[in-house]
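I opened this notebook to keep track of what I looked up in one structure. The entries follow the order in which I went through it.

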Amino acid sequence: MGKIASLHGTTPAEIFQSGLENLDEIDAVAVSVIWKDGTVTAGWSNTDMARLALLVLALDEQQRRMNFQEGED
């Protein structure tokens with residue numbers, strides 16, 4: 001059985017950076033989201049590596065923009 005580890009306090013950029021560094025070890029991606037109304041959604045995807053790479057780049061760009069905007073305040 002696989003190991004389950006908490007990612008509490010980890011940013012999406014950190015999670016996906018780790019994924020990029022260990023890409024050969026990834027078999028699938030699982031995600032869960034806790035919404036402000038308390039709803040939890042979860043799912044997984046066996047998406048191909050090209051689509052995963054685009055997702056990682058988009059999330060990284062968004063994270064950088066958010067961090068840059070915070071620095072301007």
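**Entry 1: a pair in helix H2.** I looked up Arg 65 and Glu 61 and noted that both lie in helix H2, 4 residues apart, which is about one turn of the helix; helices here are DSSP runs of H or I with at least four residues, strands are runs of E with at least two, and both are numbered from the N terminus. The model is a predicted one, in which local features need pLDDT of at least 70 and side-chain atom pairs count only at pLDDT 80 or more, while totals for chains, interfaces and linings use all residues. I also wrote down that residues are numbered from 1 along each chain as its sequence is written, and that side-chain values use heavy atoms, with hydrogens and water left out.

**Entry 2: how the pair meets.** The side chains of Arg 65 and Glu 61 form a salt bridge, with 2.4 Å from N to O; the term asks for a side-chain nitrogen of Lys or Arg within 4 Å of a carboxyl oxygen of Asp or Glu. Side chains of opposite charge can pair when their charged atoms come close. I noted that the structure holds 1 salt bridge.

**Entry 3: buried or exposed?** I checked the accessibility of both partners, where buried means under 20% relative accessible area, exposed means over 50%, and partly exposed lies in between (1.4 Å probe, protein chains only). Arg 65 counts as partly exposed because its relative accessibility is 48%, and Glu 61 is partly exposed as well, with a relative accessible area of 39%.

Entry 4: I then followed Glu 61 to Ala 13, which is 48 residues away in sequence, although the two are 8.7 Å apart in space, C-alpha to C-alpha.

**Entry 5: a surface patch.** Leu 20, Leu 23 and Met 49 make a nonpolar surface patch of about 230 Å²; such a patch is made of residues with over 30% relative accessible area and no salt bridge, with nonpolar side chains (Val, Leu, Ile, Met, Phe, Trp, Tyr) joined within 5 Å and, for charged patches, like charges joined within 9 Å. Met 49 has its place in helix H2, residues 49–72, and it counts as partly exposed because its relative accessibility is 39%.

**Entry 6: the whole chain.** Finally I looked at the chain, which has 2 helices and 2 strands, and its elements run α-β-β-α from the N terminus on. Along its principal axes the C-alpha trace spans about 45 × 30 × 20 Å, and buried residues make up 8% of the 73 residues.

Key: Areas by Shrake-Rupley, 256 points an atom, 1.4 Å probe, with all protein chains shown as cover.
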